[in-house]
Amino acid sequence: MQYSDNALNSYPFLENYFKTAVLKDNLAHCILFYGSDISSQYNIALEIARMLNCRGTHNSDCTCLNCNWIRENKHPAVMTISRVDNKPSNDNSKTVISIEQARMIKNDLLVTSDYHRVYIFCDRDKNEEICGLNQLNFQDEAANALLKTFEEPPANTTFFFLTKDVTDMINTIVSRAQSFYVPSLKVTQRDISLVKEFMDGYLELEKNEVLDFIDKINSALKDEDAENIFNQMQNYINGLLRTNSDNSALQAKLISDFKAVETAKKENRLNINTQSIVETLSFKIIL
Ligand SMILES: [Zn+2]
């Protein structure tokens, strides 16, 4: 996997957030990235690991030993943890992040280190491409063995978890992690045909236009599955995120809207009344 130096530059919202967090030394111990573009998540995690370990200029083109190691993905304290990466020799498991790996991490952390240790939990497909965690490749057993460590790790330790969808992750991790949506940089034309009419210009709508907005969503819902409508709303927001990557305030608003739609999807799967889901959602995204 080629490490991309520009991983964070493409995400001004995340770049600002993490640069400040590293500078002020108040980065969360557990960070969860979600979204369809797992390789960007991985590159962002490596870039944050680089910022945390840099002993040079602290610029993105720094060539100190730590920065170079991380660019080549061979830094001793920055480890990828997957069902195939960094397995102890006594570990024959091939399908999961194992309890032996959990033990290995706990043992590593007993020894103090001069480095800022970073563990990136993810998966790898048969072509060795980085992919996301789910409840099959990262199960309760291994996660539970590390829960205390995730909660109170030694100083200078950060865990990253990469996944497509927060609902793919075991709850014990989600509840302990700070979650960030990472929009996809892969330009795929996703369908927005069912939502284009009411989503066009939604950012400019005012509070007194919410009811009208709700009516339009409801009329789209008459002939369509709510999940489809919500997915297309997220496609629409993703499109705006890609075309407005230089406006960090707008990015923050769009990411919060994306999350609001994600919540609507979850509520819909719990069979909560569609009418009230749509109302809550609309009042959240129309400011
Ligand atoms: Zn450096």
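Me: Where does N73 lie in this predicted model?
Reply: N73 lies in the loop between α3 (65-71) and β2 (78-81). The model is predicted.

Me: Why does N73 count as partly exposed?
Reply: N73 has 14 C-beta neighbours inside 10 Å. Buried needs 20 or more, and exposed needs 12 or fewer. The value falls in between, so N73 counts as partly exposed.

Me: What makes the phi of N73 worth a look?
Reply: Phi of N73 is near 55°. That is a positive value in a residue other than glycine. Most residues other than glycine have a negative phi.

Me: Which loop holds N86, and what is its phi?
Reply: N86 lies in the loop between β2 and α4 (99-110). Its phi is near 50°, again a positive value in a residue other than glycine.

Me: How do you know whether N86 is buried, exposed or partly exposed?
Reply: Count the C-beta neighbours inside 10 Å. N86 has 16. That lies between the cut-offs of 12 and 20, so N86 counts as partly exposed.

Me: Why is N66 called buried?
Reply: N66 has 21 C-beta neighbours inside 10 Å. The cut-off for buried is 20 or more, so N66 counts as buried. Its place is in helix α3.

Me: What does N66 touch, leaving out residues up to four places away in sequence?
Reply: N66 touches N53, C54, R55 and H75. As for L52, it is 14 residues from N66 in sequence and 9.6 Å away in space, C-alpha to C-alpha.

Me: What makes α1 and α2 roughly parallel?
Reply: Helix α1 (residues 12-23) and helix α2 (residues 38-53) pack at an angle of about 30°. Angles under 35 degrees count as roughly parallel, so this pair does too. Their axes are 10 Å apart. The crossing is right-handed.

Me: Which residues of α1 and α2 meet, and how do they divide by class?
Reply: From α1 come L14, F18 and V22. From α2 come I44, I48, M51 and L52. The contact has 7 nonpolar, no polar and no charged residues.

Me: What are the domains of the chain, and how many residues of each are in contact with the other?
Reply: The domain assignment gives domain 1 (12-181) and domain 2 (196-285). Their centres, taken over C-alpha atoms, are 31 Å apart. In contact are 4 residues of domain 1 and 8 residues of domain 2. On the domain 1 side, α1 gives the most, with 3 residues. By class, that side has 3 nonpolar, 1 polar and no charged residues.

How values were computed. Residues are numbered from 1 along each chain as its sequence is written. This is a predicted model: local features need pLDDT of at least 70, side-chain atom pairs count only at pLDDT 80 or more; totals for chains, interfaces and linings use all residues. Axes are lines fitted to C-alpha atoms, for helices over the stretch in contact, and angles run from 0 to 180 degrees between N-to-C directions. Helices (H or I, at least four residues) and strands (E, at least two) are DSSP runs, numbered from the N terminus. Angles under 35 degrees count as roughly parallel, over 145 as roughly antiparallel, 65 to 115 as roughly perpendicular and the rest as oblique. A crossing is left-handed if the near helix is turned anticlockwise from the far one by less than a right angle, and right-handed if clockwise. Two residues are in contact if their C-beta atoms, placed from the backbone, lie within 7 Å. Ala, Val, Leu, Ile, Met, Phe, Trp, Tyr, Cys and Pro count as nonpolar, Asp, Glu, Lys and Arg as charged, and the others, Gly among them, as polar. Domain bounds come from an automatic or database domain assignment.
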